[in-house]
Amino acid sequence: MSAKNNYHDGHRRRMRERMEATSPTAFADHELLEMLLYYTNARRDTNGTAHALIESFGSLSRVLEAKEAHLCDVEGIGEKSAALLALVGELSRRYAVEKITVGQERGAPLDSPKRMIEYLLPKFFGAIKEIFYVLLLDNALRPIDLFAVGDGTVSSVPLSVRNIAERAFQKHAAAVVLAHNHPNGPAVPSSDDVALTHSIKEALALLEIPLIEHFVLSDNAYAAILHQSDFRNEPAIAAAPIFDDIKNFNQTKGDRS
């Protein structure tokens, strides 16, 4: 065995001993990546590869969100290592979503913009493509179904207005909320977003199911299409008309009962 291999073996042993003596929280991001890559690199020095990953993508979170093909562009990363990183990234995303979702009060009404966003935001954690979600609510504004109708490129989401309306009708939804993300872009609705929103609203109106709002989310902001305000910058202005819609919805529900 060469002196170089002896050095790597000794380094790995010391890293594992340090892990046993402390905890993962004591390690820097690149050190955790380095040790993760041990499992797909029996002999290669993974310390340099870990540094290269973070340098290439900018942060640990970006490494774990990266596509496998892009990971393979980094020297030292092959197909097995890229697949491992992608799996860890997806597991991390699902863990975060489940942790937050389970912590939410079950059956609580989503009767404010804040509660709607808190419910929807975790669904987009780690998303690198546009995803379009439809949230169906009962007559107490509690969730009865949440489903994705599109999972496409970052520039478009294929979906069917008819399918959304049919699902809402079949589930006996009393109201609908839409949400989609703009990965790596601002939470600014496009003209296509606005046109699609009104098409869905009109289709639901034929079934007497109100569309309460369509939210556009980015990494650090969100906006409302129907009420044309950025919640982060103008929370009071943005929230007020949605509250009016919710009040009107509840009033109509009371008049029908």
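Biologist: Which element gives the largest share of the lining of the largest pocket?
Modeller: H6 does, with 6 residues. Keep in mind that this is a predicted model.

Biologist: Which residues lie nearest the centre of that pocket?
Modeller: The lining has 21 residues, and Glu90, Arg93, Phe125, Gly126 and Ala127 lie nearest the centre. Helix H4 (60–65), helix H6 (79–103) and strand S1 (131–137) are the elements that give two or more residues to the lining. About 510 Å³ of space lies in the pocket.

Biologist: How do the residues of the lining divide into nonpolar, polar and charged?
Modeller: They divide into 9 nonpolar, 4 polar and 8 charged.

Biologist: What makes Arg13 and Glu17 a salt bridge?
Modeller: Their closest N and O atoms are 4.0 Å apart. The cut-off is within 4 Å, so the pair counts.

Biologist: Why are Arg13 and Glu17 separated by about one helical turn?
Modeller: Because they are 4 residues apart in helix H1 (residues 3–21). Side chains of opposite charge can pair when their charged atoms come close.

Biologist: Why does Lys114 count as exposed?
Modeller: Its relative accessibility is 58%, and exposed means over 50%. Glu118, at 40%, is partly exposed.

Biologist: What makes Glu166 and Arg162 a salt bridge?
Modeller: The closest N and O atoms of the two are 2.8 Å apart. Again the distance is within 4 Å, so the pair counts. The two are 4 residues apart in helix H8 (residues 161–170), which means about one helical turn. Glu166 is partly exposed at 32%, while Arg162 is exposed at 62%.

Biologist: Which residues do salt bridges that share partners join into one network?
Modeller: Glu90, Arg93 and Arg94. A search of the whole structure finds 10 salt bridges.

Biologist: Why is Glu31 called buried?
Modeller: Its relative accessibility is 15%. Glu31 lies in helix H2 (residues 29–36).

Biologist: What lies 2.8 Å from a polar atom of the side chain of Glu31?
Modeller: The backbone nitrogen of Ala28. A polar contact needs N or O atoms within 3.5 Å, so this pair meets the distance limit. Glu31 is also in contact with Met15 and Arg18, leaving aside neighbours within four places in sequence.

Biologist: And Glu213, is it buried or exposed?
Modeller: Buried, because its relative accessibility is 0%, against a limit of under 20%. Glu213 belongs to strand S4 (residues 211–217).

Biologist: Which backbone nitrogen does the side chain of Glu213 reach at 2.8 Å?
Modeller: That of Leu226. The backbone nitrogen of Ile225 lies 3.2 Å from a polar atom of the Glu213 side chain. The limit is 3.5 Å, so both distances pass.

Biologist: How many residues apart in sequence are Glu213 and Ala175?
Modeller: They are 38 residues apart in sequence, and 9.7 Å apart in space, C-alpha to C-alpha.

Biologist: Why is Leu141 called buried?
Modeller: Because its relative accessible area is 1%, and under 20% is buried. Leu141 lies in the loop between S1 and strand S2 (143–151).

How values were computed: Residues numbered from 1 in each chain as written. Predicted model: local features only at pLDDT ≥ 70, side-chain atom pairs only at ≥ 80, totals over all residues. Heavy atoms only, no water. Buried < 20%, exposed > 50% of the residue type's maximum accessible area, 1.4 Å probe, protein only. Polar contact = N/O pair within 3.5 Å; in protein donor to acceptor, adjacent residues only side chain to side chain. Contact = heavy atoms within 4.5 Å. 1 Å grid on protein atoms, 1.4 Å probe; cavity = no way out; pocket = protein on both sides within 12 Å on 5 of 7 lines; lining within 4 Å. Points joined across faces, edges and corners; volume = space filled by probe spheres on them. Nonpolar A, V, L, I, M, F, W, Y, C, P; charged D, E, K, R; others polar. Salt bridge = Lys/Arg side-chain N within 4 Å of Asp/Glu carboxyl O.
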